[in-house]
Amino acid sequence: MKLPTNSRLWHLLLLRRHRSHDAKAAVTPKLRPVPTSAQLDELERNVVVRHHKNNMPLIRSLIQELEAGDQRKLSQLQAELEQLPNATHPRLQDYGEEPRELAQYVHRELPPQSTLKEFSELARALNLYRMDHLGNYTGHKSYYLTGQLATLEQAIIQYALQAVTDHGFKLISVPDILPKEVIESCGMRTEGERTQVYKLDTGECLSGTSEMALAGFFANKLLSEEQLPLKVTAVSRCYRAETSGLQEEKGIYRVHQFNKVEMFAICTEEQSEAELEEFKNIEVDLFRRLGLNFRLLDMPPCELGAPAYQKYDIEAWMPGRQMWGEISSCSNCTDYQARRLGIRYRRSVDGQILHAHTINGTATAIPRLLIALLESYQREDGIEIPAVLRPFMDHQELITRNKRIPETKLVKFIKA
């Protein structure tokens, strides 16, 4: 698969600064041939279709000043170019703002809607969950899972890890604290009003997904083509400084920290579309075996974020909420992240050194998957455990009320 020309247009402007994974070293950028006005028009059309807010008039002005000999504008131009989104797959150009539903999978016949309960009601009735009255010491959007619900979380993680390692993914344990340069190189902004990133006093950041740490692990690496595709997986805590006032996103649907099993691959340009399809098929199989009702979506340009060339989402039906909720996605980022991080490979046929492509995908994101599972498997006497998870829960078949851990109430701290 050969990418359309516009995927590399802006790379005609500058040679990217290759960063080490401690994000301190840099190679001085040098000028390359300047693209034509028509090529800049194509870049601007891509910015518009993806609903990004890049300042294309400023980019054009900076290029003109550079051509006139003002080299002081080079770093400013570099900063503007860093914010441009990846190219967009031609298939998506006429999607508008809505995703295309590719398939819908129905595996469970649900009870009448009048008898269905929402996750928080189910979990509280079983005394397995706490989210209320935590702001005085853990902050907003925090939660506790206790007893069998905490065990179910670990069962889901082990189930997902077994599945992805059976497909050749190698497990890596990753850090949660990363240099901001690594996070930005992966396509997530760390500055500005709308950033989702938690920044520490040291200047480093909390990772939003282990994809970032996995990508950073291979920063400035030169791989051989024979090593590719190179597939890795990680379990990590994910930190998101996002909030939502939507009623349907209450509870643990959108929280500030959660556990996730992530898949990540480094491959050649020719392999990347096939790798994305493999990621998608693994995710579909994971949720099919869990017995969920879900649908597969092909996402439009405005939903791709900055790094993705194309992206699939999976949404599960959450019967207690009567809504579709995203539980997984996978993206082909082509060479967008690899160029920023200096991830390259040597082509075997001629020894040429090329930038790799990167693929990422969510095997399981725990909170939303718990919502879908509890609401889909609810019974009058408890929560039925999906058959594929029972080997990881000592072959237990039903979650019932937790009587060991006492229910908690808010107590105000009294100063002596």
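A crossing of two helices is termed right-handed if the near helix is turned clockwise from the far one by less than a right angle, and left-handed if the turn is anticlockwise. In the predicted model described here, the crossing of helix 5 and helix 8 is right-handed. Helix 5, spanning residues 147-166, packs against helix 8, spanning residues 272-289, at an angle of about 140 degrees, and the two axes lie 11 Å apart. Helix 5 is therefore oblique to helix 8, since only angles over 145 degrees count as roughly antiparallel. On the side of helix 5 the contact is made by Tyr159, Ala160, Ala163 and Val164, and on the side of helix 8 by Ile282, Asp285, Leu286 and Arg289.

With regard to the chain overall, 10 helices and 18 strands are assigned, and 52% of the 416 residues count as buried. Of the contacts between residues at least 6 apart in sequence, 71% join residues that are at least 24 apart.

Eight of the strands form an open sheet of mixed pairing, in the order 1-10-11-12-15-9-8-4. Strand 1 (100-105) and strand 4 (170-171) stand at the edges of this sheet, and because each has a single partner strand, one side of each is left without a neighbour in the sheet. For strand 4, the pairing with strand 8 (residues 230-239) is in the parallel sense and extends over two bridges; Val232 in strand 8 is the bridge partner of Lys170.

Note on methods
Residues are numbered from 1 along each chain as its sequence is written. This is a predicted model: local features need pLDDT of at least 70, side-chain atom pairs count only at pLDDT 80 or more; totals for chains, interfaces and linings use all residues. Side-chain values use heavy atoms; hydrogens and water are left out. Two strands pair if DSSP finds at least two bridges between them. Helices (H or I, at least four residues) and strands (E, at least two) are DSSP runs, numbered from the N terminus. Buried means under 20% relative accessible area, exposed over 50%, partly exposed in between (1.4 Å probe, protein chains only). Contact means heavy atoms within 4.5 Å. Axes are lines fitted to C-alpha atoms, for helices over the stretch in contact, and angles run from 0 to 180 degrees between N-to-C directions. Angles under 35 degrees count as roughly parallel, over 145 as roughly antiparallel, 65 to 115 as roughly perpendicular and the rest as oblique.
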